[in-house]
There are 2 protein chains.
Amino acid sequence: MNTKLVELKEILAEIDDLQNAAGLLGWDQQTYMPPGGAESRGYQLGTLQKLAHVKFTSNEIGKLLDQLEPVARGLPPDSDDARLIKVTHRDYQKKIKIPPEMVVELARVTTQAFQVWQEARAENNFSMFLPYLEKIVDLRRRYAELFAPYEHIYDPLLDDFEPGLKTSEVKVMFNTLRPQQVALIRAISERPQVDFSFLNQPFEEQKQWNFGVAIITNFGYNWEHGRLDKTTHPFTISFGIDDVRITTRINPNYFSTGILGTMHETGHALYEMGIDPTFSRTPLARGASLALHESQSRMWENLVGRSMPFWIYYYPRLKEVFPDQLKGIELEEFYKGINKVEPSFVRVEADEATYNLHIMLRLELEIELIEGKIEVKDLPEIWNARMEDYLGVTPPNDTLGALQDVHWSEGMIGYFSTYALGNLISTQLWERINIDLPDLLTQISQGKFSSLLNWLRENIYRHGAKFEPQELVQRVTGSKIDSAPYMRYLQKKYSDIYGF
Amino acid sequence: MNTKLVELKEILAEIDDLQNAAGLLGWDQQTYMPPGGAESRGYQLGTLQKLAHVKFTSNEIGKLLDQLEPVARGLPPDSDDARLIKVTHRDYQKKIKIPPEMVVELARVTTQAFQVWQEARAENNFSMFLPYLEKIVDLRRRYAELFAPYEHIYDPLLDDFEPGLKTSEVKVMFNTLRPQQVALIRAISERPQVDFSFLNQPFEEQKQWNFGVAIITNFGYNWEHGRLDKTTHPFTISFGIDDVRITTRINPNYFSTGILGTMHETGHALYEMGIDPTFSRTPLARGASLALHESQSRMWENLVGRSMPFWIYYYPRLKEVFPDQLKGIELEEFYKGINKVEPSFVRVEADEATYNLHIMLRLELEIELIEGKIEVKDLPEIWNARMEDYLGVTPPNDTLGALQDVHWSEGMIGYFSTYALGNLISTQLWERINIDLPDLLTQISQGKFSSLLNWLRENIYRHGAKFEPQELVQRVTGSKIDSAPYMRYLQKKYSDIYGF
C-alpha cells in the first residue's frame with residue numbers, strides 16, 4: 001500500500017478510537033452513569049471530541065489528502081481505498097470550518113442538557129429544559145452559519161446526517177408525500193376502527209424482554225458482539241464493528257412498544273455488525289447515512305416485524321407466552337390490532353400511516369427555529385397547535401409533546417427528516433429484495449431470516465459508508481430516493497386491513 | 001493565578017479527562033462489554049493512554065514546569081498549588097522515560113489478557129493465560145529497565161503504586177512481620193477452632209446485596225455519585241470526584257464474601273469521594289498511594305466491618321434478613337465465626353491473620369519473575385509449593401491458585417505489597433482515631449459512622465495526592481509506616497477470640 005495512505009489510515013484509526021471512546025461515554029451516560037456524574041462526563045466528552053476534531057482537521061491530514069489525490073485518481077473509482085480517500089476528503093472539507101471551541105461547547109452543553117431533559121421529561125417541565133434548548137439552537141445556528149453561503153441555512157445541519165441532501169429536496173419530497181398520507185389517513189378514519197384493546201393489558205416486563213431477545217437472536221443479532229439494555233429513549237451505538245449495542249424500553253401495560261422497539265434497534269445493529277471488517281477504524285466503518293440506517297431499522301421493525309408472514313410464525317409462540325391476554329384473539333385480529341392506524345402523540349409509537357406526519361412537524365419546527373422565525377420558549381404551544389392541525393390531536397402535556405424526543409437535548413438538530421426518508425428507502429429496497437428472493441415472505445412465515453440478512457449484508461451492510469446514500473440506493477434499486485414505493489406499500493397494506 | 005499555572009492546569013485537565021475516559025472503558029470491559037468487543041477496546045485504550053502519555057510528556061509541560069519552578073519556591077510549601085507543581089514534576093520526570101509505543105503495547109496486551117484471564121480462570125486453564133502473562137512480565141521488565149540505574153529492578157514497578165518506596169524497605173518490613181504472623185497463626189492453630197459452619201449455607205443473593213447496600217449507604221457512600229455492579233473481581237474506580245463506582249461479587253452459598261467485599265470497595269470509594277473538589281481534573285484528584293487507599297478499604301472492611309461494635313448494631317438486623325440461617329447463633333458466636341482464622345487458598349477471602357502471607361508470596365514471586373529467577377510457565381507449581389510452605393495448604397487447581405487474581409492480567413506487577421502496607425497503615429490510623437474520637441466504638445455500636453467519616457475526610461481524604469504516603473502517615477500519626485500497631489491489633493483481637 002502507498003505509504004501516505006498507510007499514514008492516513010493510522011491517523012484515522014486513532015480518530016476512530018477517540019470517537020468510539022466518546023461513544024461509550026455517551027452510552028454509559030444513558031444507561032448506568034450515576035446522575036451526579038454529568039459534570040465530569042461533559043468535560044471528558046468535550047476533550048475527546050475536541051482531540052478527535054483537532055486531529056482530523058490537522059494540517060497533517062490536509063497534506064496527506066493533497067498528496068493522495070493523484071493516488072486516488074489512479075485507483076479504480078469503486079475501490080475501497082479510492083472511496084476512503086474521497087469520504088475523508090469530504091469530511092475534512094466540512095470539519096476544517098468548525099472551530100474546536102465550538103465542538104467542546106456543544107459537547108458540554110449537550111451532556112448537561114441530556115441530564116436536564118431526562119428530568120424535565122419525567123416532571124413534565126419544559127421551562128426546566130428551555131435554557132438548555134435555547135443554547136443548543138443558538139449553537140446549531142452558529143454552526144450552520146459557518147458554512148455560508150448556502151441555499152438554505154438548514155442545509156449544513158441536514159448534510160451532517162444525510163450527506164449531499166438539500167433542504168429544498170426534502171421539502172419537495174415531503175410536499176408530495178403529505179397530501180397522499182393525509183388522504184390515506186382520512187380514508188382509514190372513515191372506516192370502522194379495528195380492535196386493538198387487547199394491546200392494553202398487563203404484559204409482564206421480563207416476558208416481553210425475553211420474547212424480544214428470542215426474535216432478534218433469530219434475526220441474527222450477535223450477542224458475542226452486542227448487548228441489550230434499558231434506556232428512556234432506545235438507541236443503537238457501536239464502538240467498533242465488534243461491539244454494537246442496542247437499548248430498549250418496555251411498557252408493562254402495553255404490548256407492542258417493547259417488541260417493535262427492540263426489532264427497530266436491531267435493524268440498526270445488524271447494519272453496523274455487517275460492515276466489512278476490513279473497514280475497521282476508518283471513516284467507512286459506519287452506515288452510508290442516517291436515512292439508510294433508518295431504512296434498516298424500519299425494515300426490520302415494520303416490513304418484517306409488523307407483517308402478516310412474521311406473525312404467522314410468531315403469533316402462536318406469543319400466545320404461549322401470554323395465553324390469558326391473547327385468549328380468543330385470532331391471528332388476523334392480532335395483525336390488524338398491531339397495525340391499527342390512530343393519530344397519537346408519541347412519534348416512536350406512531351403507526352406507519354401517521355409516522356411521517358410526526359417527522360414533518362419536527363422538520364418544520366427545526367427549520368423555523370434555525371431561521372429564527374419561532375422562539376424556543378413558544379415551542380410547546382406551537383407544537384401542540386400543529387399536532388392538532390396535522391393529526392387532529394392535542395398532547396395533554398409537554399412530556400407527550402415537545403419534550404418527548406431525546407434528539408434536541410443531544411444537539412441533533414437536522415436529524416429528524418432522515419426517519420421519514422428511511423421509510424421511503426426501506427420500501428424501495430423491499431420491492432427489490434422481493435424480486436431477488438421470491439420466496440422471502442414464505443421464509444419469514446417459517447421464522448427464517450437468513451436469506452434476508454445475507455441479501456442485506458451483500459447489497460447494503462458490508463459497504464458501510466463507502467457509497468453516498470443516493471448512489472447506494474441507485475446502485476441497488478435502479479433509482480434515487482423515491483416516495484412512490486412507500487405510498488404503494490401503505491395503500492396496499494391499509495386497504496387490506498381497513499377494507500377500502 | 002499565575003498564567004503559566006493556568007496553562008499547566010488546562011493541559012492537566014485534558015489529560016485527566018483522557019485518563020478518566022480510559023477508566024470508563026476499563027470499567028465497561030469488566031462489567032458490561034460483550035466478550036467479542038475486546039479487540040476494538042484494546043485499540044481504544046491504547047490510543048487514549050498514548051495520547052494522555054504524549055500530552056503529559058510533551059515539551060510544553062516540561063517548559064511550563066521549568067518556568068513554574070521559581071513560582072513554586074515563592075508559594076507556601078504546603079499550598080495546593082506548590083504541591084500540584086511538585087507532584088506533576090515528579091510524575092513528569094518518571095513518564096518522560098517511557099516510550100509511547102510501550103504504553104500502547106501494554107494497553108493492547110492487557111486488554112486481551114484480561115479477557116483471556118477471565119476465561120482461563122473460569123476453565124482452570126493456566127496454559128491459556130500463559131503466553132499473555134509471559135508478554136506482560138516481559139513488558140514490565142522492559143519497563144523497569146527504563147529506569148536504570150536502580151537499587152533493585154523491582155523498585156520502579158513498586159514506585160508506580162507507592163511513590164518513593166524501595167523494594168528493600170518493603171522486604172525489611174515484611175521480614176519483621178512474617179515471623180510474628182506465622183507465630184500468631186501457630187498460636188491460633190493450637191487452640192480449638194471456632195464454629196463458622198453457619199457461614200456455609202444458602203444466603204439469597206439479592207438479600208445479601210440489599211444488606212450490603214444498606215450498610216454502605218449508612219457508611220456514607222453517595223449514590224448520587226456512584227453505583228454498585230457485579231464483576232468477577234471486585235474493584236473501585238473513579239471517573240472524576242463526581243463519579244466513583246464500586247463492584248462486588250456475591251457467593252450465594254457463603255455469607256461473608258459479598259458483604260465484606262462491598263465494605264472493602266466502599267472504603268476505597270469514600271476516599272475518592274472525599275477528595276477536595278477543587279482538585280478536580282488535576283493529578284491531585286486521587287489517593288496519596290495504593291497503600292493509603294488500601295488502608296481505607298481494609299479499615300472499613302476489617303476495623304469497622306469485622307468488629308464487635310459493628311455487629312452489635314448489625315447482627316440483630318442481619319438475623320431479621322436471614323432468620324433461618326442464623327437461628328440459635330448468638331452474637332458472640334457469629335463474631336467469632338466471621339473472624340475465624342484458617343489458612344485458605346484465596347487471598348480476597350483470607351482472614352486478617354493469614355492475609356499478609358498471601359501478599360508476601362505474591363511479592364516474592366513478582367520479584368523473582370522480574371529478576372528472571374523463575375519462569376512464568378513454572379508459576380502454578382511454584383505457587384502451590386509456597387502455599388504449602390507458608391500456609392500449609394495446596395490449592396487443588398490454578399483457579400484457586402496462580403489464576404485467582406486479576407492484577408497480572410491488567411499489567412499491575414508491583415501492586416500487591418500495597419495491600420499489606422495498607423493493613424499496617426489502617427491500624428496506625430485507627431489508634432490515632434480512637435484517641436481523637438474516644439467514643440468511636442460506642443458510636444459504631446449504634447450504627448453511627450459520620451464522626452469516623454468526617455475524621456477521615458478531614459485528615460486523609462480531602463488531601464488527595466497532595467502529600468506523599470510516608471509524609472501523610474507521619475503528619476497524621478506522628479510516625480512513618482510501622483508494623484507494630486498491626487501486630488498489636490492482631491494479638492489483641494485473636495487472643496480474645498481464640499483465648500490464648
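Let's start with one residue. A:N124 is partly exposed, because its relative accessibility is 36%. The cut-offs are these: buried is under 20% relative accessible area, exposed is over 50%, and partly exposed is in between, with a 1.4 Å probe and protein chains only. A:N124 has a positive phi of about 50 degrees, yet it is not a glycine. Where is A:N124? In chain A, in the loop between α5 (100-122) and α6. Helices here are DSSP runs of H or I with at least four residues, strands are runs of E with at least two, and both are numbered from the N terminus.

Now the other chain. B:N124 also has a positive phi, near 50 degrees, in a residue other than glycine. B:N124 sits in the loop between α5 (100-123) and α6 of chain B. Its relative accessible area is 35%, so B:N124 counts as partly exposed.

A word on ground rules. This is a predicted model, where local features need pLDDT of at least 70 and side-chain atom pairs count only at pLDDT 80 or more, while totals for chains, interfaces and linings use all residues. Residues are numbered from 1 along each chain as its sequence is written, chains are lettered from A and ligands numbered from 1 in the order in which they are written, and side-chain values use heavy atoms, with hydrogens and water left out.

Next, the cis peptides. In chain A, the bond joining A:A148 and A:P149 is cis, with omega about 0 degrees. A:P149 is in the loop between α6 (126-145) and α7 (155-161) of chain A. In chain B, the bond from B:A148 to B:P149 is cis too, with omega near 0 degrees. B:P149 is in the loop between α6 (126-145) and α7 (155-161) of chain B.

How do the two chains relate? In general, two copies of a chain are related by a rotation about an axis and a shift along it. Here, a rotation of 180 degrees with 0.0 Å of shift along its axis puts chain A on chain B, at RMSD 0.0 Å. That is the relation of a two-fold axis. In chain A, the C-alpha nearest the axis belongs to A:A21, at 3.5 Å. The superposition is by least squares on C-alpha atoms of residues with pLDDT of at least 70 in both copies. And 100% of the interface residues of chain A are also interface residues in chain B, so the copies meet through the same surface.

One residue touching the other chain is A:S40. It lies in helix α2 (residues 38-56) of chain A. What does A:S40 contact, leaving aside neighbours within four places in sequence? B:F239, B:G240 and B:D242. Contact means heavy atoms within 4.5 Å. A:S40 is buried, because its relative accessible area is 12%.

Over to strand β2 (residues 236-238) of chain A, which holds A:I237. Beyond neighbours within four places, A:I237 is in contact with residues including A:G23, A:W27 and A:R245.

Last, the whole of chain A. We have 20 helices and 3 strands. The C-alpha trace spans about 70 × 50 × 45 Å along its principal axes. Buried residues make up 61% of the 500. That's the tour.
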